[in-house]
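Please look at the sequence and the structure before reading on.

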Amino acid sequence: MQVLSHFFRQRELTARIEASRQRLYRVALSWSHDPSLADDLTQESLTKALKKLAQLKDPATLESWLFSILTNCWRDHFRALRPAEDIADFEESIFIPEDTPEHIHGNSQMVQRVREAVARLPIGQRQVLTLVDLEEFSYGEAAAILDIPIGTVMSRLCRARQQLKDYLSDLQHHRTEPRLRRVK
Amino acid sequence: MMHDPHIPDATLNAFVDDELDETERERILAASVTTPEIKQQICEIGALKSMVRHAYAHATPPQHMAAQPHKRVRHGVAACCLLVVGVLVGWYAHLFNQIGVNTAVTGKQNAAQLAVAALPERVLLHIDSDQPEKMKAGLQEAENLLKQAEQSHTPFKLALLANKSGLDLLRSDKSPYVEQIAALQKNYSNFELLACKQTIDRLHNQGIDVHLVPGTQTSNTAIDTLATRLPAGWHYIKV
């Protein structure tokens with residue numbers, strides 16, 4: 001019976017990994033703002049997850065385990081680009097890809113502006129913001145995924161939202177302006 | 001009752017993210033009633049959260065794994081067959097205290113390790129690098145496995161999957177091993193070549209025409225192939 005239960009467990013976990021593809025891509029896109037890179041990171045994460053599936057002890061932690069793998073793939077990507085840099089510096093750096101299709105085509109003005117604003121955040125803040133806001137991970141889960149203290153999650157999130165608010169204030173102001181004005 | 005209007009931003013963020021305990025939540029709620037600035041801050045944080053979520057809500061990967069019903073049925077039949085084979089093999093292995101056929105993903109293995117253990121029925125060899133030594137090693141492993149299966153008269157299938165820069169191995173205009181691949185194809189009908197279509201498309205977008213070794217099939221993405229074949233019992237080897 002162990003063979004049977006092992007088989008069904010593997011099948012179920014593999015299906016859950018496949019189903020997580022879009023979520024991983026969404027977060028990878030919010031970190032990189034480059035669809036090709038986001039797709040590569042997603043594929044790399046899924047490949048690693050499928051290969052290392054036997055190492056997953058608790059199936060309940062599959063989602064956060066997958067996002068930890070994505071985090072490592074993202075870090076590896078930057079290590080390969082800038083091998084001499086410290087990872088802490090990397091998390092405080094700002095990576096904005098130039099002239100990607102994301103910059104050229106936006107679904108709407110607001111979507112485009114928010115994505116641009118997120119892309120202007122330092123990477124460490126961007127990661128925390130998107131894990132909490134997009135994927136609704138708790139602070140504790142985000143801390144475990146990114147391998148940082150929970151206090152750092154809170155401070156980065158706080159700074160991220162403050163900066164985002166500043167970046168978007170023009171848009172919000174524009175949206176709240178009355179469309180008709182009376183001229184006396 | 002006076003409330004402290006100076007509540008740290010981090011606490012207000014935690015309130016919006018539902019990270020506070022009951023007592024703390026009540027304190028913030030009460031403060032939001034009496035202090036309009038706090039109420040406004042909470043609304044702003046909530047609005048930002050919604051905007052971020054909305055901005056990426058429809059972000060989808062460039063290519064999707066198609067959930068075709070007939071494909072699912074085939075997978076179901078294959079899974080049932082695999083299950084029966086798995087149970088029999090597992091029982092057999094248990095009886096004779098031997099290493100059974102491994103249908104799980106156990107990480108990187110090479111042909112030498114497989115030669116020591118029982119040879120699986122199906123092997124997926126994956127190459128994603130254009131390093132000459134890796135290409136050579138990949139083809140060497142493929143040849144060793146095919147030979148071993150032929151000599152032991154065991155049913156065996158080998159698929160060589162190439163993506164990223166590893167696609168060069170299967171490009172007739174770039175691969176230094178076209179003749180060796182053709183020889184393997186000629187000698188072994190159970191040898192399959194798979195090229196990642198996404199990599200081909202990417203090269204095409206860069207203005208590069210990709211010519212593949214004759215007989216090479218394309219798969220949507222490398223991950224599609226892994227996700228389909230590994231659960232179906234294929235043994236994975238990364239070159």
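Helices, as the word is used here, are DSSP runs of H or I with at least four residues, numbered from the N terminus. In this predicted model, A:Asp133 belongs to helix 8 of chain A, and much of what follows is arranged around that residue. Over all chains, a search of the whole structure finds 20 salt bridges, and three of these pairs are described below.

**A:Asp133 and its surroundings**

- A:Asp133 has a relative accessible area of 1% and is therefore buried, since buried means a value under 20%.
- Once neighbours within four places in sequence are left aside, A:Asp133 is in contact with A:Arg161 of its own chain and, in chain B, with B:Asp17, B:Lys49, B:Val52 and B:Arg53.
- Two polar contacts made by its side chain can be named: one of 2.6 Å with the side chain of A:Arg161, and one of 3.2 Å with the side chain of B:Lys49.

**The pair A:Arg161 and A:Asp133**

- A salt bridge with an N to O distance of 2.6 Å brings together the side chains of A:Arg161 and A:Asp133.
- This pair links distant parts of the chain, given that A:Arg161 lies in helix 10 (residues 150–176) of chain A and A:Asp133 in helix 8, 28 residues apart.
- Both A:Arg161 and A:Asp133 are buried.

- In chain B, the side chains of B:Asp17 and B:Lys49 form a salt bridge at 2.7 Å, N to O.
- Because B:Asp17 sits in the loop between helix 1 (9–16) and helix 2 (22–34) of chain B, while B:Lys49 sits in helix 3 (residues 36–56) of chain B, the pair ties together parts that are 32 residues apart in sequence.
- B:Asp17 and B:Lys49 are both buried.
- Through salt bridges that share partners, A:Asp133, A:Arg161, B:Asp17 and B:Lys49 are joined into one network.

**The pair A:Arg23 and A:Glu135**

- The side chains of A:Arg23 and A:Glu135 also meet in a salt bridge, with 2.5 Å from N to O.
- Here too distant parts of the chain are linked, with A:Arg23 in helix 2 (residues 21–32) of chain A and A:Glu135 in the loop between helix 8 (123–133) and helix 9 (139–146) of chain A, 112 residues apart.
- A:Arg23 is partly exposed, at a relative accessible area of 24%, whereas A:Glu135, at 8% relative accessibility, counts as buried.

How values were computed
Residues numbered from 1 in each chain as written. Chains lettered and ligands numbered in written order. Predicted model: local features only at pLDDT ≥ 70, side-chain atom pairs only at ≥ 80, totals over all residues. Heavy atoms only, no water. Salt bridge = Lys/Arg side-chain N within 4 Å of Asp/Glu carboxyl O. Helix = DSSP H or I, 4+ residues; strand = E, 2+ residues; numbered from the N terminus. Buried < 20%, exposed > 50% of the residue type's maximum accessible area, 1.4 Å probe, protein only. Polar contact = N/O pair within 3.5 Å; in protein donor to acceptor, adjacent residues only side chain to side chain. Contact = heavy atoms within 4.5 Å.
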